[in-house]
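Thanks for making time this morning.

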Amino acid sequence: MFGAISRRLVTGGALLLAAFLAADAAEIDDDLPDLADQIAQMASEVALELQQICPPASPSDQAAFDRCRRSLFGDSALRRSLAPRLLWGRRNQDAGAELKNTNLTQFAPDVIAGLYLSLFMYSGEYSTEYVERERLYLIRLRAGFRNLLPPGQFPYPFWHDEAKWGVYQAANSVLLWVNPKTAKIVIGQFTERGSDSPVVSTQPIWPKFDGNWMWMDKEGRIQPRVTLFDGLFRQDNPYLPKLDFTYRTLALRMRDAQCDKCHAPNNPLPMRRLVLMHTPAHAAGEIARLMTAVREDRMPRDDNGIEQPLEPALKRALLESGGAFEELVKAAKDWEASHRD
């Protein structure tokens with residue numbers, strides 16, 4: 001059972017999850033102390049903050065979701081505790097499977113906080129423990145999922161996979177895995193296998209997936225709305241109009257280069273570590289990695305996962321449009337940082 005303030009911290013040496021963060025692990029000195037006390041404090045602050053800004057509410061309450069999302073997109077204890085790159089996904093249905101053998105998706109901190117963690121409600125109940133097998137700390141947060149929001153409030157149609165959507169709807173816990181050497185959250189998961197019921201009860205629904213990751217609603221608006229820089233940047237950010245146009249150009253170039261063959265939510269290959277580029281918000285979070293991969297001829301990959309360089313013309317077009325988008329994303333973020341209240 002969750003306790004209101006339940007801590008079960010075990011000190012000890014740790015390494016970062018090698019399958020995901022090999023580059024980061026190389027920068028971490030194994031002789032650095034285990035930050036157990038700092039992690040305990042962080043867990044308490046994050047659990048309390050989430051309970052305050054994303055409390056239990058009706059799973060259809062749009063206003064509650066908007067308040068939670070705005071808060072998590074901004075400065076918060078949670079955002080300050082997130083690593084520069086994170087993984088996200090459901091807990092492996094095989095309880096004995098290690099994280100390295102679990103399919104997860106990589107996100108930037110603002111994307112995982114504003115588009116994914118905000119879809120949950122939190123009671124403030126939590127526990128922490130050190131998991132020797134993973135050599136990471138684990139924070140368990142009692143939670144519930146906002147399954148009754150309009151379709152455009154989800155980053156993509158989660159119901160494209162009935163099993164995944166079923167776990168989302170029944171979720172009673174959010175799991176945050178923490179690197180003991182940096183006290184930063186490196187992996188987030190959701191599960192229906194926590195020890196308590198969800199923080200709110202809800203009626204499961206089963207929408208039909210029509211094959212479209214983005215679509216136009218009856219009012220002629222592009223959906224999902226939450227992926228169109230909404231929340232990432234203020235409405236008066238002067239770079240928003242250019243960002244929208246530049247992303248559309250980049251999206252066409254990515255389609256020409258068949259990026260959607262791999263970087264789509266249904267994980268066509270499939271890959272253990274998926275990177276999504278199919279919406280403006282997802283692309284803004286991953287554009288730097290995309291540009292590096294294209295420059296170094298590390299994408300696309302063939303059906304066997306072998307790197308295949310792009311044709312020169314496609315590569316030039318992708319680098320040009322991607323570079324313009326990357327520059328505008330940076331400018332927009334710099335403007336936001338200089339205009340914080």
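Predicted model: local features only at pLDDT ≥ 70, side-chain atom pairs only at ≥ 80, totals over all residues.

R133 has a relative accessible area of 43% and is therefore partly exposed, where buried means under 20% relative accessible area, exposed over 50% and partly exposed in between, with a 1.4 Å probe and protein chains only. Its side chain meets that of E134 in a salt bridge at 3.6 Å, N to O, the term standing for a side-chain nitrogen of Lys or Arg within 4 Å of a carboxyl oxygen of Asp or Glu; E134, at 6% relative accessibility, counts as buried.

Residues are numbered from 1 along each chain as its sequence is written, and side-chain values use heavy atoms, with hydrogens and water left out.

The count comes to 14 salt bridges. Another of them joins D217 and R221 at 3.0 Å, N to O, with D217 buried at 16% relative accessibility and R221 partly exposed at 41%; D217, E219 and R221 are linked in a network of such bridges.

Turning to the rings, there are 22 aromatic pairs, counted when ring centres of Phe, Tyr and Trp (its six-membered ring) lie within 6.5 Å, with planes under 30 degrees apart stacked, over 60 edge-to-face and the rest tilted. W88 and F120 are edge-to-face, because their centres are 6.0 Å apart and their planes at 70°. F120 is buried at 0% relative accessibility, and F120 also forms a tilted pair with F190, 6.1 Å centre to centre and 40° between the planes.
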